[in-house]
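Please look at the fold of this protein and then at its pockets. The questions below take these topics in turn.

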Amino acid sequence: MKNEIEQLKDVLLDSDAILIGAGSGMSAAAGMDWWYQASPVYKQHFGDFYARHPEATGIFKGFYARFTSENERWAYLVRMLDFIYHQPPVKNTYQVLKDLIQDRPYHILTTNQDAMFNRYFADEQISTIQGDWRFLQSSAPQIDDQLYDARPFVKRGMEYLAQQEDKLYLPDDLIPHSPTTGLPLTPWVRSPEFLEGRRFKQEHEKTRQFINRFGNQKLLFFELGVGRMTPMFIQEPFWQLTSQLPLAHYVNINPQDAMTHTQIASRSVLIDADVD
């Protein structure tokens, strides 16, 4: 491990620019253990929901609960979104990352939708390519390609639920609908109807411009906590770009999946450990 840390230190100090690629393992490393397990924090905030839906062991699985109605589904979504907006990380992992890279040009490409990076870094330095829970989209994006701020809907929903004994039901008039078409809205996150519209293209464009600017220099592709669910969004492009750019290096920190491609092994640093 000491040797790997020294290698990481060397490539960080030697780089001209850094492109971060971060997945859900980044949030997990920061102590946010409520995504995929029924942790004490999850039970504290969603205990009534978990009691009714024991299959929902964690926030992520809550999306796939067997909801009895859209009213119950939106009561869960409103509470979940409010929780995401306000719950602080347990560890200062994001701040440590910022301290490590802030003395040189950097950009962040992330599949995370929790906007946690946006608490520490400017929006223009982040590309969220699988959506963002701060926005809603139409359930029929082919006829409504707008994004809507989710926070006013969440605020109204939480104000209603705060006055109710049953916090697993949201009335019809508080379920968000498009002001353009009147159709139901849904969170702007990766799904079969995911809106790959104007903002989605802008997020990719920010990353493309960063690579074009620094591709001929010592560009470090720095991967943090990217799992095996969606390697095509960060990991495989990072491998391909490292191979194509002769001065580039690649770092992968992951407690389970620290791997690289054989063609770039000599320019890779793999650290099989907790990201934090």
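Q: In what order do the strands of the open sheet of six strands run?
A: This is a predicted model, in which local features need pLDDT of at least 70, side-chain atom pairs count only at pLDDT 80 or more, and totals for chains, interfaces and linings use all residues. Residues are numbered from 1 along each chain as its sequence is written, and side-chain values use heavy atoms, with hydrogens and water left out. Strands are DSSP runs of E with at least two residues, numbered from the N terminus, and two of them pair if DSSP finds at least two bridges between them. With parallel pairing, the order is β3-β2-β1-β7-β8-β9.

Q: Which strands stand at the edges?
A: An edge strand has a single partner strand, so one side of it is left without a neighbour in the sheet. That applies to β3 (126-128) and β9 (268-271).

Q: Which residue in β2 is the bridge partner of Ile 18?
A: Strand β1 (residues 17-22) pairs with strand β2 (residues 106-110) in the parallel sense over five bridges. In β2, the partner of Ile 18 is Tyr 106.

Q: Which helix gives the most to the lining of the largest pocket?
A: A pocket is an open set of points on a 1 Å grid over the protein atoms alone, where a 1.4 Å probe fits, with protein on both sides within 12 Å along at least five of seven lines, and lining residues have an atom within 4 Å of a point. Helices are DSSP runs of H or I with at least four residues. α2 (24-29), α5 (70-86) and β6 (185-189) each supply at least two lining residues. With four residues, the most comes from α2.
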